[in-house]
Amino acid sequence: MAQGTDPHAGPPGDANPGAPGTDAYLRRRTLRRGSAGWFLLTGLGVAYVVSGDFSGWNIGLSEGGFGGLAAAMVLMGLMYACLVFALAELSAILPTAGGGYGFARRALGPWGGFLTGTAILIEYILAPAAISLFIGDYVESLGLFGLTSGWPVLLACFALFIGIHLWGVGEALRFSLVVTAIAVAALLVFAVGAFTEFDADRLNDIPADTTAFGSSSWLPFGLLGIWAAFPFGMWFFLGVEGVPLAAEEAKDPVRSLPRALSLSLFVLVGLALVTFVSATGAQGADAIKEAGNPLVVALEGSGEPTALSRFVNYAGLAGLVASFFSLIFAGSRQLFALSRAGYLPRFLSLTNRRKSPYLGLLIPGLIGFALAAWSGDGGRMLNVAVFGATISYALMALSHIVLRRREPELPRPYRTPGGAFTSSVAFALACSALVATFLVDRDAAFIALGVYGAALAYFALYSRHRLVAGAPEEEFAALAAAEAELARD
């Protein structure tokens with residue numbers, strides 16, 4: 001028996017049909033296969049991220065100025081590009097709902113798998129909670145139905161969009177695609193309008209801090225400002241790595257996942273460039289650096305609302321909904337995979353008649369709603385989410401490096417350009433971004449560490465002794481161990 005597996009996990013057809021690892025156990029934990037082709041998956045990748053173009057990134061101007069945030073965006077874009085190419089290879093090798101947990105489980109063992117999966121869960125539970133608060137702010141600022149931001153609006157968000165997910169994955173992804181298309185179209189319309197007011201002299205209008213090392217008009221806070229802007233450069237791309245979590249529900253995942261990852265990143269890079277440059281040049285970096293709705297400020301300045309600014313304001317709500325909706329999907333699939341394999345309580349991976357992990361949707365939703373209603377601090381929760389994300393990026397990149405070196409003969413339907421060098425770049429930049437989170441919000445980083453520590457204690461003391469050998473990610477790792485043992489013999 002493999003170390004760390006459940007002693008009660010019998011083979012398919014075991015006399016105890018309810019035991020972990022049996023056919024009956026896995027049948028109650030099955031997703032609807034073939035529900036999403038490459039086009040829907042590409043839309044999912046863009047949907048994860050698109051809200052970051054409407055707000056949040058501009059705070060990086062307060063940390064690094066235009067030049068500092070521009071450099072951070074380029075470096076973080078490079079990190080995501082390298083990571084996406086590595087994930088494309090890994091997802092073609094192991095197309096299961098485990099995503100990052102599954103990759104790390106094969107490369108780094110149960111501890112590595114749990115560390116990676118937990119970091120991803122922190123990101124995908126905290127980020128929707130934060131975005132729900134931003135949705136509430138948008139609803140109030142737009143005067144929709146006379147509602148004000150508060151717990152009833154937050155509850156309505158979670159109830160409505162989790163309900164759509166419970167309906168079925170195909171329906172959920174099509175809804176997400178429509179809302180994402182509206183948000184992307186609005187960004188393009190915004191850029192056209194903003195470029196009519198563009199003035200290059202406004203890009204570097206933040207006064208320079210002459211005491212900062214290397215400060216200039218382009219780097220008003222010096223060279224350290226580039227590093228401090230890393231987390232905000234990430235907001236243009238944060239979440240795209242979640243595409244492999246739809247692997248078990250994808251059509252031809254070996255081909256569709258690499259294609260969707262590459263295409264979604266290509267779209268996001270284009271949107272990031274036009275949004276960042278046009279918004280900053282329209283009114284100036286100083287005017288939008290702390291705005292909650294920077295695109296609207298870029299169009300209006302201190303003047304009256306225009307038809308275009310109102311359109312972008314409404315579309316910003318669509319972008320927030322798209323990301324909120326899609327991140328709920330990603331979190332539920334990561335939780336489903338960890339639960340199915342026994343890392344988390346197994347009942348969380350049960351699926352309903354429409355093959356949706358209903359408890360994996362409802363329980364994170366309740367946690368997210370409670371956190372949002374209790375704290376009301378969306379920025380702090382996003383910083384906690386970024387902390388979890390950077391840990392998962394480093395571990396996923398490391399998994400690619402390890403598998404390339406330890407198992408060079410492993411069949412790879414898709415191969416990462418540059419091989420282990422590419423993932424090494426992603427690993428180094430992810431570690432740098434992790435450290436940068438302490439520069440921006442030390443309290444958020446320590447909160448994330450506390451959550452991480454509690455989860456690790458649960459794994460060390462309880463769940464690592466009750467893993468389910470029949471789960472796909474565990475079987476894949478066990479096969480690797482058996483092959484290695486035969487090779488030694």
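**Exercise 1. The chain as a whole**

How much accessible surface does the protein chain have, and what share of it belongs to carbon and sulfur atoms?

*Solution.* Start with the kind of model. This is a predicted model, in which local features need pLDDT of at least 70, side-chain atom pairs count only at pLDDT 80 or more, and totals for chains, interfaces and linings use all residues. Residues are numbered from 1 along each chain as its sequence is written, and side-chain values use heavy atoms, with hydrogens and water left out.

Step 1: the accessible surface of the protein chain is about 18700 Å². Carbon and sulfur atoms hold 65% of that surface. Accessible areas come from the Shrake-Rupley method with a 1.4 Å probe; for residues, only the protein chains shown count as cover.

Step 2: take the burial. Of the 489 residues in the protein chain, 58% are buried. Buried means under 20% relative accessible area, exposed means over 50%, and partly exposed lies in between (1.4 Å probe, protein chains only).

Step 3: list the elements. The protein chain has 18 helices and 0 strands. Helices (H or I, at least four residues) and strands (E, at least two) are DSSP runs, numbered from the N terminus.

Step 4: look at contacts (heavy atoms within 4.5 Å). Among those between residues at least 6 apart in sequence, 81% join residues at least 24 apart.

**Exercise 2. Salt bridges**

*Solution.* Side chains of opposite charge can pair when their charged atoms come close. Here a salt bridge is a side-chain nitrogen of Lys or Arg within 4 Å of a carboxyl oxygen of Asp or Glu.

Step 1: take Arg-404 and Glu-89. Their side chains meet at 2.8 Å, N to O. Arg-404 is in helix H15 (residues 378-406) and Glu-89 in helix H4 (residues 60-93), so this pair ties together parts 315 residues apart in sequence. Arg-404 counts as buried because its relative accessibility is 16%. Glu-89 is buried too, at 1%.

Step 2: take Arg-106 and Glu-407. The closest N and O atoms of this salt bridge are 2.4 Å apart. Arg-106 sits in helix H5 (residues 100-142) and Glu-407 in the loop between H15 and H16, so the pair links parts 301 residues apart in sequence. Arg-106 is buried at 5% relative accessible area. Glu-407 is buried at 13%.

**Exercise 3. A surface pair and a network**

Are Arg-255 and Asp-252 buried, partly exposed or exposed?

*Solution.* Step 1: Arg-255 and Asp-252 form a salt bridge, with the closest N and O atoms 4.0 Å apart.

Step 1: Arg-255 has 65% relative accessibility, so Arg-255 counts as exposed. Asp-252 has 45%, so Asp-252 counts as partly exposed.

Step 2: turn to shared partners. Salt bridges join Glu-89, Arg-404 and Arg-412 into one network.
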